[in-house]
Amino acid sequence: SPDALAIIYGEERLSYAELNARANRLAHWLIRQGVQPDERVAICVERSTHMVVGLLGILKAGGAYVPVDPAYPEERRRYMLKDAAPRILLTDASSRRTWGGTLPDELTVLELDAEQPAWAAQAEHNPVAHGLTSSHLAYVIYTSGSTGLPKGVPNEHRALANRLQWMQDAYSLQAHDVVAQKTPFSFDVSVWEFFWTLQRGATLAVMAPGAHRDADQLARWIIEQGVTTIHFVPSMLGSFLEAHEARHCTTLTRVICSGEALPAAMVRRFAQILPTVALHNLYGPTEAAIDVTAWTCPYHFDDEQVPIGRPIANTQIYLLDPYQQPVPLGSPGEIHIGGAGVARGYLNRPELTDERFLPDPFSRKADARMYRTGDLAKYLPNGNILYLGRNDHQVKIRGFRIELGEIDARLGQHPGVREAVVVARDDHAGEKRLVAYVVSHGHAIADDLVATLRAHLSERLPDYMVPSAFVLLDALPLTPNGKLDRKALPAAGGEVYARQAYAAPQGAIEQTLAQLWQELLGVEHVGRQDNFFALGGHSLLAVRLLSRLRSVLRMDLPLSRFFATRTLADLADAIAEQLPIAKLAMPAIMRLSRERSLPPSFAQQRLWFLAQLEGVSATYHMPLTLRLHGTLDVQALRRSLDAIWSRHDSLRSTFLLAEGSPIVGLLQAESGMPWQEEELPDGAQPVSYVRQRASEEIHRAFDLEQGPLIRTRL
Ligand code: AMP
């Protein structure tokens, strides 16, 4: 359909025939320049039709594109050019002006929007990129690097092709669809925005540079352009849903989220505002061709957690422990990605590549590799994966991926800085922001230094990596073994800026208290001058705190005494008055001999007592039914249950009476979990029969003296 609309950008319209002709001319020119498969071609342009023509032209010539955002500081862009070492840079007039000074002599620079571009006279037919295969590179996208410099991730055509084909199979984009192009082209989400749309003959609605930041403007634009498909990072989705016009965006049919955790509350809000629109949560790093898992929000979603779903086609997800062994189902493990999407590694960084791209021991293919993400996740019982967080200092701020170490390193390069550390903190509105903690050399004037550091970073890092707050400290807090104690950095909040000197908790009681406060109040760190109530504490939490104190410090503090204290240090004093420090040392937990009869725990005593009072009952049952799919390996199931049985005394406990008091008896660890198999009676309807039997089992009283009985139906 050559006349179909390929691109809308402001007033500009490009049909497929026009787009193809322009991209072909550019591709012919690039081929004439000698561009070969796997060769990297840099492109530094504003969002526009030229951007799309440029990207498509590079791919058609067989090259790999390297997006260089003109909004990035020049120093970063120059580093990317040095690292990717392209021979050709495509740009436009306004981006050209952002390069002060000269560009390297050996670089051929082409302005795509020039009046009489050098490539205008080239042929318009489809070019042939000789030698191009699916194992050649499609693009190299730079992402933040912990050592102070960004790192390039080269992705191959086959990875991209797999990802886009899966997306089509999953969401079935049609020619009448209009897809928003609003993601900066230096982030890989933009790759599907561009190429899924163009592959499927749909229309790409390209948003003016910068316009995506204003939610109201964005909503109006969606309505005007008739956008059906759009991507949001969750924090942007949150502000979009706040826009007055959001609920009028009735042309939308699907919203695709990725880039950071999608909160359950936002999913519910989404259903209220846009009830007819499908919502998808996708997960994946730049290192594995955009996304590797996907989850579609069910119509009536009322869970507390939003999963990232299951692996996409030809992709394996392994949740592994630090020894690269699969973790048990339901336990947290690090996400390792295998399969078609895995990138080549990091450009010019063999050591880092070896660290993160490992041989895939679970694959039958000899050269298969897997990418170690640093993301933690666990399996839910229904097979979906739940994202849990990071195991390092990589963070996401409004969807932008940031290695905090990169900012630390850049700060450390400033002569006024002796030590610096940057953390991402939740501010009062629940949004994350970057806070830099700096120990300066000598007696710099605080305001001056902060302004200088801000300028220093702005010249070197993208604006989303420049911290919004700088805190000057006399020294960084350290743990007893001399490591940086991130938790002890002063709490975020308005007062951080005023309070220059942070008072870390001192001594065992204060540190224990600080730890308890942190857990109860959900704040990252607590200082000795902090006030429980100012940090969000309330009377219920105070009661919980005192009960925790009781179990941790083995002491009772009257509530009234607690209310009379102002700060954590005050509270510690009040406790110290009542508690000789020596008592803080808890007796070590000793393993009791299993040869002797065991005393019941308090909970067991209660259970036993109730059983005497009411007779055996099903009160303490916690029924759980699992439906297994596929062929059941009975032996494996049995061995697993036996292993659990032998490992956990509590599963084998029975309660016997000795001299009028209950004692705990243990069934033999080696005997294996009691097990009974039943045949489905002739003519029984399997599902209803299993339900009925499960219900009987659930209500069968638990015999404290005999212990458990497991039945299975096969
Ligand atoms: P990027 O390379 O910029 O795509 O960032 C990849 C990282 O973003 C992942 O390693 C995760 O830490 C995070 N991420 C991406 N998608 C999701 C998601 N749906 N839920 C939670 N975190 C995500």
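Let's start at the end of helix H3: the residue that follows H3 is alanine 85, and its phi is positive, near 50 degrees. Helices here are DSSP runs of H or I with at least four residues, strands are runs of E with at least two, and both are numbered from the N terminus.

Before going on, a word on what we are looking at. This is a predicted model, where local features need pLDDT of at least 70 and side-chain atom pairs count only at pLDDT 80 or more, while totals for chains, interfaces and linings use all residues. Residues are numbered from 1 along each chain as its sequence is written, and side-chain values use heavy atoms, with hydrogens and water left out.

The pLDDT is the predictor's confidence in each residue, from 0 to 100. For the protein chain it averages 89, and 93% of the residues score at least 70. One stretch to treat with care is residues 494-501, where the pLDDT is below 50; beyond near neighbours in sequence, this stretch has 13 contacts in the model. A contact means heavy atoms within 4.5 Å. Where pLDDT is low, the predicted coordinates should not be read in detail.

Now the whole chain. Its secondary structure comes to 20 helices and 29 strands, and the C-alpha trace spans about 105 × 85 × 50 Å along its principal axes. Of the 714 residues, 49% count as buried. Buried means under 20% relative accessible area, exposed means over 50%, and partly exposed is in between, using a 1.4 Å probe and protein chains only. If you take contacts between residues at least 6 apart in sequence, 65% of them join residues at least 24 apart.

Back to H3, which runs over residues 74-84. Which of its residues are buried? They are Arg76, Arg77, Tyr79, Met80, Leu81, Asp83 and Ala84. What covers them includes strands S3 (40-44), S4 (64-67), S7 (137-143) and S8 (151-156), along with helices H4 (93-97) and H11 (404-412).

H11 is itself mostly covered, with 7 of its 9 residues buried. Those are Leu404, Gly405, Glu406, Ile407, Asp408, Arg410 and Leu411.

Let me turn to two helix pairs. Two packed helices are described by the angle between their axes and the distance between the axes. The axes are lines fitted to C-alpha atoms, for helices over the stretch in contact, and the angles run from 0 to 180 degrees between N-to-C directions.

The next pair is H14 (residues 507-521) with H17 (residues 568-578), at an angle of about 125 degrees and with axes 9 Å apart. H14 and H17 are therefore oblique to each other, and H14 passes H17 in a right-handed crossing. Who makes the contact? From H14 come Ile509, Glu510, Leu513, Ala514 and Trp517, and from H17 come Leu568, Ala569, Leu571, Ala572, Ile575 and Ala576. By class that is 10 nonpolar, no polar and 1 charged.

Leucine 607 sits in helix H18 (residues 602-614) and counts as buried at 18% relative accessibility. Leaving out residues up to four places away in sequence, leucine 607 touches Tyr620, Phe655 and Leu704.

Glutamine 168, in helix H5 (residues 157-171), is buried as well, at 11% relative accessibility. With the same exclusion of residues up to four places away, glutamine 168 touches Leu173, Trp196 and Arg200.

And aspartate 38, in the loop between H1 and S3, has a positive phi of about 75 degrees although it is not a glycine. Aspartate 38 is partly exposed, with a relative accessible area of 25%.

Methods: Angles under 35 degrees count as roughly parallel, over 145 as roughly antiparallel, 65 to 115 as roughly perpendicular and the rest as oblique. A crossing is left-handed if the near helix is turned anticlockwise from the far one by less than a right angle, and right-handed if clockwise. Ala, Val, Leu, Ile, Met, Phe, Trp, Tyr, Cys and Pro count as nonpolar, Asp, Glu, Lys and Arg as charged, and the others, Gly among them, as polar.
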